[in-house]
Amino acid sequence: MLKVVIAGCSGRMGHALLEGVFADNELALHGALDRADSQQFGRDAGEQFGKKTGVLISHDVRAALKDADVLVDFTRPEPSLLYLAACQELGVNMVIGTTGFTVEQKALITNAAKNISVVFAPNMSVGVTLLINLVQAAAKVLDEGYDIEVIEAHHRHKVDAPSGTALRLGEAAASALGRNLEECAIYGREGVTGERDPSTIGFATVRGGDVVGDHTVLFAGIGERVELTHKASSRATFALGALRAGKFMQGKKSGLFDMQDVLGLRA
């Protein structure tokens, strides 16, 4: 039985993760963490599902992690790094689905993976993981005469843009073409921009309503377009992928992995 701690358990993703743990006989809820100003402290984590788990929602990270196997985190970069430090200290593996990390913060995650096992991915969906592979394959074929644009849409509460998934898709296309995304990405267009530089990869961001997550990679040529799209209608798909990642790390003492590794798609 894999003993799971969930961070941000009263949020939208936390709710989906709790539901996923309760539905899986191979998983046991070991701890439930929330932000310092949460109104849920002291309540049973299963209360909203009509369950009595004996696991109370807390912000005591080290107490929650004691004897745990894995922490699953979809919060914000700052608390994620605090959780990461505690996981290193206590030897607990970590699944990180949080996005918006800086280059320096990502380096801290890479360094932590020398001591514990970490699955770090901007999107835990099985479908998006497949989409990344399809984008790489398409970019290799459509390497001349096709302009690449990444279009993403999310709910009004998302705080970072472009999404981590959109950036990962852009990286997939850029790497297949031997380009550096940091050098060729265009994140906004306004006014007289001049003709499009064919070596660039453009990003367009939409925010509104309750959109869970839509991503399209557009290869626009002369006389035809190829569009690769993934649309998420429920956060359950991300939760199930994250919990699958937790199971993947069983028996692994250290190492940095992503969903390509979890699904066995690494070339």
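Analyst: Two strands pair if DSSP finds at least two bridges between them. Strands (E, at least two residues) and helices (H or I, at least four) are DSSP runs, numbered from the N terminus. This is a predicted model, in which local features need pLDDT of at least 70, side-chain atom pairs count only at pLDDT 80 or more, and totals for chains, interfaces and linings use all residues. Residues are numbered from 1 along each chain as its sequence is written, and side-chain values use heavy atoms, with hydrogens and water left out.

User: What makes β5 and β6 a pair?

Analyst: They share 3 bridges in the parallel sense, and the rule asks for at least two, so they pair. In one of these places, Met-94 has Val-118 of β6 as its bridge partner.

User: Why is the crossover from β5 to β6 called right-handed?

Analyst: The chain goes from β5 through α4 to β6. The name applies because, with the strands pointing away from the viewer, the path from the first strand over the helix to the second runs clockwise.

User: Are the β6 residues Ser-117, Val-118, Val-119 and Phe-120 buried or exposed?

Analyst: All are buried (under 20% relative accessible area with a 1.4 Å probe, protein chains only; exposed is over 50%, partly exposed in between). Ser-117 and Val-119 point one way, Val-118 and Phe-120 the other.

User: Why are β3 and β12 called edges?

Analyst: The open sheet has 7 strands in the order β3-β2-β1-β4-β5-β6-β12, with parallel pairing. β3 (57-58) and β12 (255-257) each have a single partner strand, so one side of each lacks a neighbour in the sheet.
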